[in-house]
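Colleague: Can we go through this model together? I'll ask as I go.

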Amino acid sequence: MKLTAAKCPNCGASLEVNKDLEKTICQYCGSTVMIEEAIEKYKVELSGKVEVDGIKGRDAKLKQAQKHIKIEEYASAQKILEEIVSEDKFDVEAYCELIKVYLGYLDDLKTFSEDTALADPRWNYAEKIESYYNRIKKIAEDDSYVDILKDYQEKIERVISLMKKLPESKKKVEDTMEKLSKLMKRAKSVYLYSNEYLDIASESTSLKVSEFVKKCNSFMEKVEPEIVAEEKKQEKIDKRDDMIGKVKNSIITYYKLSCIFTIIFVILIFIFFLIKH
Ligand SMILES: [Zn+2]
């Protein structure tokens, strides 16, 4: 395993990643990180630093960013644009270009759906697009941004409408997890399923929503009859213990009574002999 320097595209933390894998989890922000992308981000930032620092003035920076976007060097463009908006939080144009950057990261919208809400790191980009777009609408003094984003409008709308479905997808997963954990609580011999359960739970962040729900359901279908059987068995054991307890009690009572009767009998015989003599 060879470790390579990379950067988390979500939080920017420096990572060491295994190049042979496809994705990993960022240990700082917990998001799923596509390894290739994280390595690329590291490289671009390394080379971008010198370049960006050399550019002076907002207009020159914006132009430079647009150039990067044109040739799909999105990370470089992002760095410049973020610098611009950190200096001027009302630079609508820069926000527009940032939207283009994140749409560039999103790339193929066909493979991006609410069903991939758990597994796809691109949801972070979608979130950014939505928030930048909202910001633009809030701060823009005219409609010039509409023109800048003309060619991107359709994509932006699709992203925003997908973002609306995100809570629903997340709820679906949460509900399923709740059902699953309720069932697991009923299982007396939880250790029998715990490994499988943990495996499934850990997959809640790497599978498609539909796949995850399906997997949980089939696991529950498998496990529930076993748990019900276990509960019935336990019920039988409880009943048996109950019966044994009752029998024990009646034996003790019988024993006590017979002791008393024996003593009385002996005393009576004793008295009988006393009277007779
Ligand atoms: Zn991170």
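Colleague: Which residues of α5 are buried?

Modeller: R122, W123, Y125, A126, K128, I129, Y132, Y133 and I136. Buried means 20 or more other C-beta atoms within 10 Å of the residue's own, exposed 12 or fewer, partly exposed in between, with C-beta atoms placed from the backbone. This is a predicted model: local features need pLDDT of at least 70, side-chain atom pairs count only at pLDDT 80 or more, and totals for chains, interfaces and linings use all residues. Residues are numbered from 1 along each chain as its sequence is written.

Colleague: What covers them?

Modeller: The cover includes α4, α6 (144-148) and α7. Helices are DSSP runs of H or I with at least four residues, strands runs of E with at least two, numbered from the N terminus.

Colleague: And the largest nonpolar core, how many residues?

Modeller: That core has 35 residues, and I129 is among those with the most contacts inside it. Such a core is a set of buried Ala, Val, Leu, Ile, Met, Phe, Trp, Tyr and Cys residues joined through C-beta atoms within 7 Å.

Colleague: Which helix gives the largest share?

Modeller: α4, with 10 residues.

Colleague: Changing topic: how do β1 and β2 pair?

Modeller: Strand β1 (residues 3-7) and β2 are antiparallel over five bridges; pairing takes at least two DSSP bridges. A5 stands opposite E16. Six residues separate the two strands of this hairpin, and G12 in the turn has a positive phi of about 85°.

Colleague: Which face of β2 is covered?

Modeller: The one with L15 and V17; S14, E16 and N18 are on the uncovered face.

Terms used: Contact = placed C-beta atoms within 7 Å.
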